[in-house]
Amino acid sequence: MMDQARTTISKIFNGEPRSYTRFNLTQNMEGDNSHVEMKLSSDMDDEVEANGVGENINHHNRPYNPSKLNQRSPKTVCGFVIAILFLFIIGYLIGYLSRSTDKTEIKADCPVFSAIVPERPEAVYSLDWSSLRELLKKKLTTDNIKSNLKEFSSASHQAGSTGDEALANKIMGKFRTFGMAPWTDEHYVKVHDRGSSNNRVLFRGNIVGTTEGYLAYSAVTTAQGAALYAHYGRAEDFRRLRELNVDVNGKVVLVRAGLLSFAEKVANAASLNASAVLIYPDPVNYNINENTALFGHVHLGTGDPYTPGFPSFNHTLFPPTKSSGLPAIPAQAITKKQATEIMSKLGGRTSPNGWSDGSLWGTMYRLGDDDDNITVEVNNDLIQKKIHNVFGVIKGYMDADRYMVIGAQRDAWGPGFARSTVGTSLLVELARTITDMIKNDGFKPKRSIVFASWSAGEFGSVGATEWLEGYLTSLNLKTFSYISLDDIISGSDTFKASASPLLFDLLESTMKQVSSTVDASKSLHEQFAGSSWEKSVMEPMGLSHSAYPFQSFSGIPSLSFRFTSSSKLYPFGTFEDTEQYLERYTSSSTLKLAKKAGEVVGLVALRLVHDHLLKLNVAKYTNVIRNYVSQIRSKVESLQMSGRLPSTITMQWLLSAQGSYDRAASALVSAIQNSDLEDMEQCRIINNRIMRVEGSLLSPYVSPREIPFRHIVLGSGSHTLAALVDHLEAIKGGLESADIDQFKNQFALATWTIQGCANALAGEVWDMDNEI
């Protein structure tokens, strides 16, 4: 039909060179219809004359003047009318065909259309969610995971080593075979290495055993003092010691590994002027050999502590500096045998109830006496290493500039089977599975997925943090979530997760869609959640979680979870982190658990890139913020009644900020319910509002170099809502750390951060309430 129309028009043009049509096909962006405008040569001449240039045209070669119909003969006029009617019919047919673009494709070889019609993006059709879910479970196989575990296992792959680089090259090769275009970034970071140094521990003047393990970023020095047993080294443990009138000042503190990071234990002791810290694996927590050495780091932060707040690119011209999270006191890991030699001989008073549940020598633990002198000598070497992060991307078909990241650390101190091999194997298998679904099954993700293999994770998420620092300005505007695969399996009888509140509902619904590890007729939610899902599964995200810098430094909603043991801690950071040990801790079900973990990660990721609307629930922060505000209000009013806080401190503005967030979140939920969720542009506008929430909770009033974890709800530092509650407790107790003027400042800045987040969530400035 189109060819016939074109032929007819051509004949008319050839027969009547002065009678032609001009086609103006303007694509209608609201639908598939195209508007066809037809103008005759007479119309063109009228336009020219109307513009005042008609008299400049030479007409002497023309047999007649088409703009003057009264000069035509009746026969000519009749023929002209017939031609017009004929062209009108042709134009109608062309308009009809152009409106039926869903049935008729415009050919690229048509010179008229190809020169005028703009290219239209191809409509994206994807699988429905139920089909996509079943496809993922089918394609994610234990055989492939087993093959990956074998390929990526390594006896030695410390950060920056040849083994680490070899694994990076393997991952690059895998990503290429999947059809990705992988890339790397490299950083020059400073890390501690034990090397040939001789770290020593002396008790009452005698060397205690062989000290093989070490704690990176410890102060390199020698310190001594009387021994003091402080349980796990938590803040509450040191408060208990103060209640017993036990002075920590100048003591060498012995603490158990577990419950919180090594860095937090050392920071707590240093804040009370301890001279050194020894960390050991207690038998109540660890089932390991008595001579097994521990490795870890004591930097109260993440990333390279010698380039705080900025990336460790080579030749970067920044002044020499170091993180405020580096400890000023030495810290050393000791074995179970070394701890036994010391603690079995300690004098002093008996430890508080609950502190003697170990069995190092079968008697009550004692706190230590002034004669129990310990010397700690740390001689670690600070060296620079070049590390590589490896990336692969699956680009979205609609919003390619919006992406999520799935990451796993590649390096490990020792074999690191559970620490890094399992996560790396799952990372590669998920990349293979999803690319295969795109190539062979018609899946078209709307947004992009970045797969990242990090190095130097053992030293405190160094590779990941350096990448975040290097690209922070773009990442926090475009990245809508991060999922960590680190430490994802270390047992089988418990499921624990840490996440942004925005991801709570998505994780819960995902657990309901994955079958139980022991009973296929039940779900993971039924197996592990019980009646109270959040209390049973969710736990706070802290420094020990590799997702923490994404969440609290970059403001990216993050998730990390793990299958673990409820009885014994897994020996991460030891040479016992092997495949054989992990099989023992999982009751020989490592592969089954790995597949379940892969399904959870895969389903969360696919849900986030499949739907038009991001599955992030902004209303979840309402209760979190309200809970903190309620605590602060109760304490402020109590302290004002007792005269310890001035009456000029008012809760009005904090309550107003909380209310603003409540209203903004409720308004967005209502807008979603009343919106056409098939309208991509409308969903993109809503998604942009959702993506502003997490980043807006980063306090703009603290320096990322001095206080990197700026999130006021999930971060750490004096700017957080939790710190406000603690400060009020310090004022109540009359502690030296209490400072009313400082509290006022923190109170005001936290208030405005919440209000700023509410403003960002509310939408455009013209939609906001102007009464601030």
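**Charges and strands in a predicted model**

Asp676, Glu678, Asp679 and Glu681 gather in a surface patch of negative charge (patch residues have over 30% relative accessible area and no salt bridge, like charges being joined within 9 Å). This is a predicted model, where local features need pLDDT of at least 70 and side-chain atom pairs count only at pLDDT 80 or more, while totals for chains, interfaces and linings use all residues. Residues are numbered from 1 along each chain as its sequence is written, and side-chain values use heavy atoms, with hydrogens and water left out.

Reader: Which helix holds Glu681?
Author: Glu681 belongs to the negative patch. Its helix (a DSSP run of H or I, at least four residues) spans residues 680–696 and is α21.

Reader: Which residue forms a salt bridge with Asp487?
Author: A salt bridge puts a side-chain nitrogen of Lys or Arg within 4 Å of a carboxyl oxygen of Asp or Glu. Here the closest N and O atoms are 2.9 Å apart. Asp487 lies in the loop between β16 (479–484) and β17 (494–499) and its partner in helix α11, so the pair ties together parts 68 residues apart in sequence. That partner is Arg419.

Reader: Is Glu458 buried or exposed?
Author: Glu458 meets Arg419 in a salt bridge of 2.9 Å, N to O. Buried means under 20% relative accessible area, exposed over 50%, with partly exposed in between (1.4 Å probe, protein chains only). Like Arg419, Glu458 is buried.

Reader: What is the relative accessible area of Asp611?
Author: The side chain of Asp611 meets Arg607 in a salt bridge. Arg607 counts as buried at 18% relative accessibility. Asp611 is also buried, and its value is 9%.

Notes. Patch = residues over 30% accessible without salt bridge, like charges linked within 9 Å, V, L, I, M, F, W, Y side chains within 5 Å. Areas by Shrake-Rupley, 256 points an atom, 1.4 Å probe, with all protein chains shown as cover. Lys, Arg positive; Asp, Glu negative; His and termini not counted. Charge placed at Lys NZ, Arg CZ, Asp CG, Glu CD. Helix = DSSP H or I, 4+ residues; strand = E, 2+ residues; numbered from the N terminus.
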